[in-house]
Amino acid sequence: SAKKAGRNGYCLYSDDLDRSASERLDLRNRLRQAIAGNEFELHFQPQFEIGSGRMCGVEALLRWNDPQLGQIGPSHFVPLAEDTGQIVQIGTWVIHEACRHAAGWVARGLIDCPIAVNISGVQFQRQNFAELVAAALDQSGLKPQLLELELTESVMMAPSGRAGETIRRLRQLGVRLSIDDFGTGFSSLSYLKRLPVDKVKIDRSFISDITHDSGDSSIVLSIIAIAHHLKLRVIAEGVESEAQLSYLRRQLCDEAQGYHLSRPLPADEFERFLSTPRSPAVQSLCTPAEGE
Ligand code: C2E
Ligand code: MG
Ligand code: MG
Ligand code: MG
């Protein structure tokens with residue numbers, strides 16, 4: 001695969017294999033400046049309970065405002081930042097910033113649901129990861145139950161001893177854990193019962209064709225069935241249409257997140273979103289599934 005045209009017509013790369021050494025060096029240097037210059041920002045995307053319409057979570061999503069290139073999404077720089085180790089510093093900032101925003105919103109009575117933060121495997125495998133989370137909770141005053149860490153299957157199931165120990169310490173702290181991009185990893189579903197998680201996020205690649213592709217819909221049905229059997233909540237990510245939403249409602253999926261309900265929003269827009277009457281799409285969530 002060749003270059004992907006980024007925003008503003010610049011060429012960015014999402015695949016590390018496509019990068020030449022000099023391009024990688026350039027991006028690495030620009031990332032270093034971005035860290036020093038505070039060029040990162042979090043956007044916030046709400047998650048909703050299907051059936052009640054209650055906002056049941058908010059996911060923090062990283063953005064980089066490069067002075068030349070404009071806003072750059074994480075898939076364009078997180079893989080390289082993982083290779084160079086820069087993700088550790090960036091990820092630390094993300095956890096602190098997410099806790100700070102959430103604690104402020106809770107204090108103002110704007111939200112009462114957890115904030116979800118994406119955690120890179122590189123960051124998770126660091127020795128002091130659980131202490132870092134504890135420090136962010138401490139400094140922000142956010143209750144541990146209001147922080148949810150999103151990890152992928154491969155990170156959680158890494159055979160190295162530390163993952164299990166870190167997960168235990170995080171559980172002791174009282175933070176919630178969810179499995180992101182579920183279904184795309186190499187894990188077998190039987191692993192799910194061993195993992196102390198609260199929630200499974202069905203990857204959006206299975207949701208996009210859910211109403212047309214019988215393969216995708218059976219995968220989604222299986223994930224929902226198994227998760228419920230294990231008493232886990234299930235959220236569908238990347239919900240873009242009413243048709244997808246009503247399908248998920250009929251299949252008793254618990255929660256939904258996606259452009260159809262709200263795009264990820266900068267902090268000030270998210271606050272406005274919270275104080276605005278609910279959109280028709282969100283209102284439609286209050287309809288119970290047929291036959292319920
Ligand atoms: P993810 O955690 O699976 O996040 C979901 C992605 O889907 C986000 O892309 C979100 O903006 C996008 N999305 C949400 N609703 C829809 C929809 O209805 N349709 C479509 N097509 N997309 C939707 P984004 O923000 O570009 O993030 C991409 C990935 O980058 C994330 O996938 C996550 O793995 C990673 N990421 C994001 N923020 C962070 C971070 O703070 N730290 C780390 N380590 N990774 C992050
Ligand atoms: Mg995520
Ligand atoms: Mg995901
Ligand atoms: Mg994803």
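The model is predicted: local features need pLDDT of at least 70 and side-chain atom pairs count only at pLDDT 80 or more, while totals for chains, interfaces and linings use all residues. Residues are numbered from 1 along each chain as its sequence is written, chains are lettered from A and ligands numbered from 1 in the order in which they are written, and side-chain values use heavy atoms, with hydrogens and water left out.

**Around ligand 1**

- Ligand 1 has 20 residues around it, and the closest are Arg63, Asn118, Arg204, Glu240 and Tyr259; a residue is near a molecule if one of its heavy atoms lies within 4 Å of it.
- Sorted by class, that shell holds 7 nonpolar, 5 polar and 8 charged residues. Here Ala, Val, Leu, Ile, Met, Phe, Trp, Tyr, Cys and Pro count as nonpolar, Asp, Glu, Lys and Arg as charged, and the others, Gly among them, as polar.
- Gln45 puts a polar side-chain atom 3.1 Å from a nitrogen atom of ligand 1. A polar contact is a pair of N or O atoms within 3.5 Å; within protein, one must be able to donate a hydrogen and the other to accept it, and residues adjacent in sequence count only if both atoms are side-chain atoms.
- Tyr259 uses its backbone instead: a polar backbone atom there is 2.7 Å from an oxygen atom of ligand 1.
- On its own, ligand 1 exposes 800 Å², and the protein buries 84% of that. These accessible areas come from the Shrake-Rupley method with a 1.4 Å probe; for residues, only the protein chains shown count as cover.
- Two or more shell residues come from each of strand S4 (55-66) and strand S8 (176-182), and S4 gives the largest share, 4 residues. Helices (H or I, at least four residues) and strands (E, at least two) are DSSP runs, numbered from the N terminus.

**The two magnesium ions**

- Which protein donors hold the magnesium ion that is ligand 2? They are Glu59 (OE), Asn118 (OD1), Glu150 (OE) and Asp180 (OD), lying 2.0 to 2.2 Å from it. Donors are N, O and S atoms within 2.8 Å of the metal (3.2 Å for Na, K and Ca); water is not among the atoms, so sites may look incomplete.
- Along the chain, the donors of ligand 2 follow the spacing E-x58-N-x31-E-x29-D.
- Within that set, Glu150 in strand S7 (residues 147-152) and Asp180 in strand S8 are 30 residues apart, so the pair links distant parts of the chain.
- Glu150 and Asp180 are both buried, where buried means under 20% relative accessible area, exposed over 50%, and partly exposed in between (1.4 Å probe, protein chains only).
- Asp180 bridges ligand 3 and ligand 2, which lie 3.8 Å apart.
- Asp181 in strand S8 and Glu237, in the loop between strand S10 (233-236) and helix H10 (242-250), are 56 residues apart.
- Asp181 counts as partly exposed because its relative accessibility is 24%, whereas Glu237, at 10%, counts as buried.

**Strand S8 and its partners**

- S8 is mostly covered, with 5 of its 7 residues buried.
- S7 and S8 run parallel and are joined by 5 bridges; strands pair if DSSP finds at least two bridges between them.
- Leu151 has Ile179 in S8 as its bridge partner.
- S8 also runs parallel to strand S9 (residues 199-202), with 3 bridges between them.
- There, Ser178 stands opposite Lys199 in S9.

**Strand S3 and Gln45**

- Gln45 lies in strand S3 and counts as buried, at 7% relative accessibility.
- Besides its contact with ligand 1, the Gln45 side chain reaches the backbone oxygen of Ser262 at 2.9 Å.
- His43 is placed in strand S3 (residues 40-49) and, at 7% relative accessibility, counts as buried.
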